[in-house]
Amino acid sequence: MRLQSDLSRENNLRRVGRTERVIIDSRQGDFYVARSQYDSPEVDQEILIPADGKRLFRGRFYEVRITDASEYDLYGEVI
């Protein structure tokens, strides 16, 4: 599990700085939960976007810059 966690984090870190087109799946607490064309729902990592007073719509696409990564999630901001 530790090896898989390390590999997942390395792969996610490669995406930091990229701009990706994402679809919003839901809002959970202070974050919108999105995924890119590379991510299967409930299988791959999620892209978490801080709500910060923004209103994003579920099912719509947005351009997001990936700003950070963890083992199983990415973090981004709408541009």
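The legends below describe views of a predicted model.

**View 1. Fold of the protein.** In order from the N terminus, the elements are α-β-β-β-β-β. Along the principal axes, the C-alpha atoms occupy a box of roughly 40 × 25 × 20 Å.

**View 2. Nonpolar core.** The largest nonpolar core has 13 residues, among which I24, I47, I49 and V64 touch the most other members. Such a core is a set of buried Ala, Val, Leu, Ile, Met, Phe, Trp, Tyr and Cys residues joined through side-chain atoms within 4.5 Å, where buried means under 20% relative accessible area (1.4 Å probe, protein chains only). At least two core residues come from each of β1 (19–28), β2 (31–36), β3 (46–50) and β4 (61–69). The greatest contribution, four residues, is that of β4. Across the protein, buried residues form 33% of the 79 residues.

**View 3. Surroundings of I49.** Leaving aside residues up to four places away in sequence, I49 touches V22, I24, D30, F31, Y32, A34, L56, V64, G76 and V78; a contact means heavy atoms within 4.5 Å. Of the contacts in the protein with a separation of 6 or more, 51% are between residues 24 or more positions apart.

**Notes.** Residues are numbered from 1 along each chain as its sequence is written, and side-chain values use heavy atoms, without hydrogens and water. Local features need pLDDT of at least 70 and side-chain atom pairs count only at pLDDT 80 or more, whereas totals for chains, interfaces and linings use all residues.

Conventions. Buried < 20%, exposed > 50% of the residue type's maximum accessible area, 1.4 Å probe, protein only.
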